[in-house]
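Trainee: Could you take me through the pockets of this model? I'd like to understand the terms as well as the values.

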Amino acid sequence: MKIDSTLMTRAADNIRILAASMVERAQSGHPGGAMGGADFVNVLFSQYLVNDPDDPAWFARDRFFLDPGHMSPMLYSVLHLCGRYTIDDLKAFRSWGSITPGHPELDVEHGVENTSGPLGQGHVMAVGCAIAERFIATHYSEVFSHKTYAFISDGGVQEGISQEAARIAGYLGLSNLIMFYDSNTVQLSTDCDAVSNEDTAMKYRAWDWNVIEVDGTDPAAMAGALDQARAETQRPTLIIGHTVMGRGAVTAEGENFEGKCSTHGNPLSKSGADYARTIEHLGGNPDDPWQVFPEVAELYAERAKQLRKQVAERKFDIAAWAKLNPERMQRLQDYIDGKLPAVDYAAIQHKPNIATRAASANVLSALAHDVDNMIVASADLANSDKTDGFLKVAGAFKRHDFKGAFLHAGVSELAMTAIINGMALHGGVVAACGTFFVFSDYMKPAVRLSALMELPVKFIWTHDAFRVGEDGPTHEPVEQEAQIRLMEELKNHHGHNSMLVLRPADAAETSVAWMMAMENTKTPTALILSRQNINDLPSASGNRYQDALETRRGGYVVIREDNPDVTLVGNGSEVATLVAVAGIIAEQGVRAQVVSVPSIGVFMNQDDDYRQQVIPSDVPAFGLTAGLPSTLRRVVPVGNIFGLDHFGASAPYKVLDEKFGFTPENVAKKVLQYLNR
């Protein structure tokens, strides 16, 4: 593409002025990286990125994923030139109630495709987006194809997640993914050579990426690199742009102050540079730095005209395809709108007394048949977390082959999580992933962003307790459930529980839990499932699935007593134990109401009358959990809770039940002691 380098640099300088001014006004932020990366984002947004100026959420648009969220002033400034933000929005940077927070938060209306801040995750979401794009193009039509662009910095390259994701993207051959590496060799507290001497280009080439190195200050060179990247058909592309931290910064004496670590995280006036002289040096007016240069305004206005014409042509092609394929178009549109096909969960058959992971496999098999835009991933555990119930029906992705719907992520739990976040951000698909519950520790940084972005992804966590057994304490979750259930207490920006957490007690509850997960379009869902077999709970109605529908209220009565002496409360594997305990203490004349609380968060959202019916406050309550006792404290605020306050051990799970005191007989003794019986 022919580039007017003088105009491009002028526009990049305009972005630099706006970015530096945002930070200066807020007296908080990171101007240096934004000033260095301005050249690339200007070339990308003014010449290459395809979106609809009048419809930011147009499904077939190119996506831009920012990894270093601290470079938000750069993104907000270029999006201002695109008409997404006003000058007042830029002036309100980092202030209460503004739509320009310190690190970008998902806001498609204003052009922000992902929440970023924790380094490494932003560009990995782009990998997930690129996978979703290939899935849609393969299963529907190439008329929906587009490019996914990512922007990564030195810090993001250093984060381990980047290596997990680069392997996956290179293996799959995601040629629709183009990533710019803003290599300015400076980070927050030091120069990069103080922490690394790796050959980044060689590393990415080893993962089978197309690697291009350019002068990141030369618009023509970057345009040439983008042309090459867009023509690539076999590999993802990494453009290494050698940029300059704080490009254009000068001192009060007009001396060059570029490449300084101090400009990374300080306003220019506090870095050793001079803000006013820098704005002047870049061609701006220090007294009114919020101007857009006329020629820059014209550049972006012309780009908007080009885009309207280009998008109209694309929409014509999509409409032509839709006319020939009305049912498929409607089906895709339903997925885009979050509408899923009907699934008969009541008809899903389970063998008696099975592990909830096995019951989940049965549900996943049905979902693979009925929900044809669902994608499931597993971290090298499909045959153990039982996501293979989906895999056996849908088939797996392969290099350059997206006819399947299952991602073998390999041993990459954190990247896998960020990838399914990216799939959800792309839209049009339902994304889920599975691994052992103890390895949720590897995933939590990305799980937190799932919750913050309110993405309806599904987490399938199996091997839920010390009953993993012989694998020992490294594989036996104890504190993990308490950690994840904190997300049920934490509210998101819309005031909802930031996550739906479900630990079903038997196969019927598992079917209902999956139904709740699939119906939940507002937050992530966690399904916490057992490795070992569990006895089915007794049915009050004669239809166990019908009883289990009460799971939708978070907690419900499994065995009801009109005048109970004690309420026994648990979830997951422990509920069946409590049913047995109720039978034992009944022989001592103690009447027990047994309660299952698969979702503490949903239960706590119920009205007081309902919660009183289930766990009466005037009746002694006894909680049982295989995790930390605090796990149940919200639903048993006064009563006794028996749980585990230490790591597990290596032995068969029935031995551990005995040694740790989780047999029905021992728990019954503890209940009777609690009641002084």
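Mentor: In this predicted model, the second largest pocket has a volume of about 360 Å³. It has 16 lining residues, with Asn533, Asn535, Thr577, Tyr653 and Asp657 closest to its centre.

Trainee: What makes a space a pocket, and what makes a residue part of its lining?

Mentor: On a 1 Å grid over the protein atoms alone, a pocket is an open set of points with protein on both sides within 12 Å along at least five of seven lines, and a lining residue has an atom within 4 Å of a point. Tyr653 lines the second largest pocket, so it has such an atom. The volume is the space filled by probe spheres (1.4 Å) set on the points, which are joined across faces, edges and corners.

Trainee: Which helix gives the largest share of that lining?

Mentor: H21 (573-586), with four residues. Helix H24 (653-660) supplies at least two. Helices are DSSP runs of H or I, at least four residues, and strands are E runs of at least two, numbered from the N terminus.

Trainee: How do the residues of the lining of the second largest pocket divide by class?

Mentor: Into six nonpolar, seven polar and three charged. Asp657 is among those closest to the centre, and it counts as charged because that class holds Asp, Glu, Lys and Arg; Ala, Val, Leu, Ile, Met, Phe, Trp, Tyr, Cys and Pro are nonpolar, and the others, Gly among them, polar.

Trainee: And how much space lies in the largest pocket?

Mentor: About 1,100 Å³, lined by 44 residues. H13 gives the most, four residues. Residues are numbered from 1 along each chain as its sequence is written. Local features need pLDDT of at least 70, side-chain atom pairs count only at 80 or more, totals for chains, interfaces and linings use all residues, and side-chain values use heavy atoms, without hydrogens and water.
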